Amino acid sequence: MSIALKQVFNKDKTFRPKRKFEPGTQRFELHKRAQASLNSGVDLKAAVQLPSGEDQNDWVAVHVVDFFNRINLIYGTICEFCTERTCPVMSGGPKYEYRWQDDLKYKKPTALPAPQYMNLLMDWIEVQINNEDIFPTCVGVPFPKNFLQICKKILCRLFRVFVHVYIHHFDRVIVMGAEAHVNTCYKHFYYFVTEMNLIDRKELEPLRPETPEDPITFCNVSYFNVDSLVTAISS
Ligand SMILES: [Zn+2]
């Protein structure tokens, strides 16, 4: 039943187009460096540490864009199974319900079906990372003063995608044979946000690890449960 990752993470299934760094810019070099340290198969915990002499904002910018691309791809692979019928409310199990709020249509926190919430979330992040005033691409243009605040909000929202995928759609991820990829991406994300202190502990609660050494041994999720795997295969 398992399909090669290359097919699973087919670019046609990408939920949103990838945001790229311009070759030749300092951020492109930093992105390449961050990727190289990951590809060498290493300790993710060490790979997320700010390299000496690098600017914290640059390091965060590179990771935010990279996580957006990766998480977007992960949700893209399961989005056909995340519908208004399966997920009438954006949640992370019975205990956590996420309500959408923005400065446009939803001025008050509003309960929405998960696919609609995900669309708004990805659109909103896309607008932020393509905004030159927030993520400047020209050399010498500084980041805004509230840059880290905006990144915290982006990462907090991206974390909710993991929560929803792990709690409601991990059976599908397993059927696709993509669990190792999703777990690695999540570990990388978790180490980064905790190392840089970018998401409140309280927000991380739905995927609280049983041991800090292994962030994917969740207290609240039992995705290794055979029943959900059987349901996934037979549905
Ligand atoms: Zn869903």
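Predicted model: local features only at pLDDT ≥ 70, side-chain atom pairs only at ≥ 80, totals over all residues.

Student: At what angle do α4 and α5 pack, and how far apart are their axes?

Tutor: Helix α4, which covers residues 56–78, packs with helix α5, residues 114–129, at an angle of about 155 degrees, and their axes are 11 Å apart. Since angles over 145 degrees count as roughly antiparallel, α4 is roughly antiparallel to α5.

Student: Is that crossing left-handed or right-handed?

Tutor: The crossing of α4 and α5 is left-handed.

Student: And which residues meet there?

Tutor: From α4 the contact involves V64, V65, F68, N72 and Y75, and these meet M118, M122, I125 and I129 of α5. Sorted by class, the contact of α4 with α5 has eight nonpolar residues, one polar residue and no charged residues.

Student: Staying with α4, how many of its residues are buried?

Tutor: In α4, 17 of the 23 residues are buried, so this helix is largely enclosed by the rest of the structure. As for its span, α4 reaches 33 Å from its first C-alpha to its last, which is close to the 33 Å expected at 1.5 Å a residue.

Student: Now the other pair, what about α5 and α6?

Tutor: Helix α6 runs over residues 147–168 and packs with α5 at an angle of about 150 degrees, with the axes 11 Å apart. That angle makes α5 roughly antiparallel to α6, and α5 passes α6 in a left-handed crossing.

Student: Which side chains are in that one, by residue and by class?

Tutor: On the α5 side the residues are A114, M118, L121, I125 and Q128, and they meet I150, I154, R157, V161 and H164 in α6. By class, this contact of α5 with α6 has seven nonpolar, two polar and one charged residues. M118 and I125 of α5 take part here, and M118 and I125 also belong to the contact with α4.

Student: Switching to the loop, where is Q101?

Tutor: Q101 lies in the loop between β3, residues 99–100, and β4, residues 110–111.

Student: Why is Q101 classed as partly exposed?

Tutor: Q101 has 13 other C-beta atoms within 10 Å, and a residue would need 20 or more to be buried, or 12 or fewer to be exposed.

Student: What does Q101 touch?

Tutor: Leaving aside residues up to four places away in sequence, Q101 touches Y106, K108, P109 and T110. The C-alpha atom of Q101 is separated by 9.7 Å from that of Y117, and these two residues are 16 residues apart along the chain.

How values were computed
Residues numbered from 1 in each chain as written. Axes fitted to C-alpha atoms, helices over the stretch in contact; angles between N-to-C directions. Helix = DSSP H or I, 4+ residues; strand = E, 2+ residues; numbered from the N terminus. Parallel < 35°, antiparallel > 145°, perpendicular 65-115°, else oblique. Left-handed = near helix turned anticlockwise from the far one by under 90°. Contact = placed C-beta atoms within 7 Å. Nonpolar A, V, L, I, M, F, W, Y, C, P; charged D, E, K, R; others polar. Expected span 1.5 Å × (residues − 1).
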